[in-house]
Amino acid sequence: MTRKIVKTKFIVEDEHFEKIAEVSEDKSNVWSPEKELKIVGKPVSRYDGYDKVSGTAVYTFDVKLKNMAYARILGALHPNAQIRSINISKAESLPGVLYILTSQNCPSINWYWNTGKLFDTHTRYIGDEVACVIAETEMIAEEALKLIEVEYEILPFVTTAAEAMKTEAVKLHDWGNVTWGKPSTYSRGDIEQGFKDADLIIEEEFTTPVVIHNPTEVHCCVVNWEGDQLTVYDSTQAIFNVRETIAESLGLPNSKVRVIKKYMGGGFGSKLEAGKYSVMAALAAKEIGRPVRITMSRKQMGTSMGNRPDSYQKLKAGIKKDGTLTALSHYSYGSVGAYPNGAGCAWPLRSLYKCANVSIEEYSVVTNLGRARAMRAPGHVQGTFAFESFIDDLAEKINMDPIEFRLKNYSENDPENNNPYTTKKLKEAYIQGSKAIGWERRKAPGSDKGSKKHGIGMASQIWWGGGTPPSGAVLKLNWDGSAQIHSGTQDLGTGTYTFISQIVAEVLEIPMDNIQVIIGDTETCPYSTQSGGSLTAPSVSPAIKDAAEQMKTKLISSAAVILETTKDNIKYESGIMSLINDAEKKLTIPQVFEKLNEAMLVTTGNRNANPEGYSINTFGAHFAEVEVDTDTGKVKVIKIVAAHDIGRVLNRKTLDNQIHGGVIQALGFALLEERVVDHSTGIVLNSNMHDYKLPTIKDIPLIETIIVSEADNLISNVGTKGVGEPAHIPGAAAIANAVYNAIGTRIKDLPITPDKILMALNKKNTGAEK
Ligand code: MOS
């Protein structure tokens, strides 16, 4: 088969990479849009559906090993402090306590990305790791945490980006408070000239809060040593990242660390990186000679396991009276917590529309709070809220319909480098989406009568999600026609198991019931990509298809030899190989195996390289209808239409599930969610599921999903792109635009809570605005 080592480009989140990878160059058997598929694309029920609804599915949280001990982590009590001493004698003497790890007895292990040591004696937020207790039960471990005596030298602290950016601010690190020591910048064209060419210059400010991932399953891990071989069950989005970090931290070869993740209750980006807790558990387990289970409390999920940075965004645009964008500038800062990370959010402004003159300056600022992590379309969610709200305001300034304004500035090619897109069907999303929401019903902003005002709004989405090599697959076909397919990817609950099985079933024409999918295991699976950046399906599906196509070729070639003919004379249908001219001469898969005298056939599959000279993006538009109660300020979202261009649909059911999840999470971002911090103490006040408001079933509107795309065969033989992040990106902006349309005054500070609506209405009615 055609294998080649090539240089290929890809994008993960907002980072561009170039990599040399082994890829498949097999261009035969492309599933073009016209090809009729029997299983792929259909609303097939989940491969793991029965396990999940019957409660037999084993999530990492459910892993229980014999003789297992339990670990909990003590977090720092002060937002910025130097640890003077730690006294564990009282905690150690509590019956049932087995071992306690602290900076004093733990080997010094540097954590990656300048995020301190495994235990740093300088703790930089409330919750920063101080000690780890291992005990017979979780409750004993919790009790023991309270008995650890820590003497702190309390240092001044800073909890907002605006404060931390000031020259006189407390410095968290010797390099200062701005990640990378400087803002991240981008420009194209001539911004000054762009503003000169404009008929109108408009500037607005937007802010978004820190929000917390809050996956259903808390971060957790179970570790087990057998001799010098370590097995780690981890709730992770990236088994190979976890293996690499743990192996490196412990000074082990990767071959001595096995990471397993079967089922997980969500990640949203917080589980892309290995946790310090997994290394702590491994060190402790070695010490006590027993398996160790470590779990985060829900409170720790809110303080220490990541969050989406907040944002202050100042947007400025120059437009002509006909709607042409002549200049766009974006200045932003966001707080990333105690250790470096990115808070940039200008990508939508940079890439969504045609505009020759662009200028961007983004500050990612550290503060004495828990560190940010990638969260579902990092930066794009904050950025799209601001930019797509702003675009609506620009359109209104020149009395243009918001969609017409977007079409006026529609970019057929990538505005950044003029590359063609492999496909772009955003226009189609506008057309079908506006039809489904009934765009013609949209009234002038604030013109709806009565106390309950209806509004309709929309917003666009751009993201990557085209996938990347390397992604491998190993297919084993057994003599009885059953198959096992291995891939080192993982299922976040999004349907990875299911589409893998569908693809094998489609190619080999064998029942899905006879296919076992083995993923999420670094020992038995070939390397595949992390599940983040909406990469999974577009990276993995072509490798699975490649392995299956090769198996089919192997079977056909074998049948040809057995039937004493050539491959071209063999017809393959439903797992039966027959002579084209003589259907009576046929072989089933078991018959082929019998003749071959084999028990198993094995093929390996690879993903292809991405095409050169193209931009690969996903596009979409969300449309929202809301009702705003002007007496209570409450916003009720009535309907969301989500129209997406994501290449080929692999499974309409799991696809719709993912879109629903993205829409609901966006509703939370728009109307409810916000991490609340007491800035005088650095304490997170709502790190629990009661005070942190997530959408619940009563908040969920009618959701209609529309797919405007077909297979994108420039990117792969399958032609699918990711939808996980696209489904979330435009939701908050669409709701914000609908709220504006209802009440005629704009809330530029998320979440759009009733108090903000009432104040804005009051301001508007008393004429205090403008
Ligand atoms: Mo992500 S933030 O692609 O898990």
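Modeller: A residue is called buried if its relative accessible area is under 20%, exposed if over 50%, and partly exposed in between, using a 1.4 Å probe and protein chains only. The model is predicted, so local features need pLDDT of at least 70 and side-chain atom pairs count only at pLDDT 80 or more, while totals for chains, interfaces and linings use all residues. Residues are numbered from 1 along each chain as its sequence is written, and side-chain values use heavy atoms, leaving out hydrogens and water.

A salt bridge here is a side-chain nitrogen of Lys or Arg within 4 Å of a carboxyl oxygen of Asp or Glu. The structure holds 32 of them. One of these joins Glu273 and Arg371, with N and O 3.0 Å apart. The names of helices and strands come from DSSP runs numbered from the N terminus (H or I, at least four residues, for helices; E, at least two, for strands). Glu273 and Arg371 are both buried.

Glu388 forms a salt bridge with Arg406, and their closest N and O atoms are 2.8 Å apart. Glu388 belongs to helix H10 and Arg406 to helix H11 (residues 402-408), 18 residues apart. Again both partners, Glu388 and Arg406, are buried.

Lys639 and Glu704 form a salt bridge whose closest N and O atoms are 2.9 Å apart. Lys639 is in strand E27 (residues 635-645) and Glu704 in strand E30, so the pair ties together parts that are 65 residues apart in sequence.

An automatic or database domain assignment sets the domain bounds; it divides the chain into domain 1 (3-55 + 467-606) and domain 2 (63-155 + 216-266 + 271-303). Their C-alpha centres lie 38 Å apart. The contact (heavy atoms within 4.5 Å) takes 23 residues from domain 1 and 18 residues from domain 2. Across this interface the rule finds two salt bridges. Arg258 forms a salt bridge with Asp521, the closest N and O atoms being 2.7 Å apart, and Arg258, Asp521 and Glu523 are linked in a network of salt bridges.

How much area do the two domains bury between them? The size of an interface is often given as the accessible area lost when the parts come together. Domain 1 and domain 2 bury about 1600 Å², with 52% of that on carbon and sulfur atoms; buried area is the accessible area (1.4 Å probe) that two parts lose on being put together, summed over both. Gln490, Leu492 and Thr522 supply 34% of what domain 1 buries against domain 2, more than any other three residues.

The nonpolar side of the picture is the cores. A nonpolar core is a set of buried Ala, Val, Leu, Ile, Met, Phe, Trp, Tyr and Cys residues joined through side-chain atoms within 4.5 Å. The largest has 90 residues, and those with the most contacts inside it include Leu325, Phe387, Leu394 and Phe405. Its largest share, nine residues, comes from helix H17 (residues 731-743). Not counting residues up to four places away in sequence, Leu394 touches Ile202, Ala317, Ile319, Leu325 and Phe405. A second, separate core has 47 residues, among them Val40, Ala483, Met577 and Leu579.

The loop between strand E30 (702-707) and H17 contains Ser716. Ser716 counts as buried because its relative accessibility is 4%. Leaving aside residues up to four places away in sequence, Ser716 touches Pro542 and Asn608.
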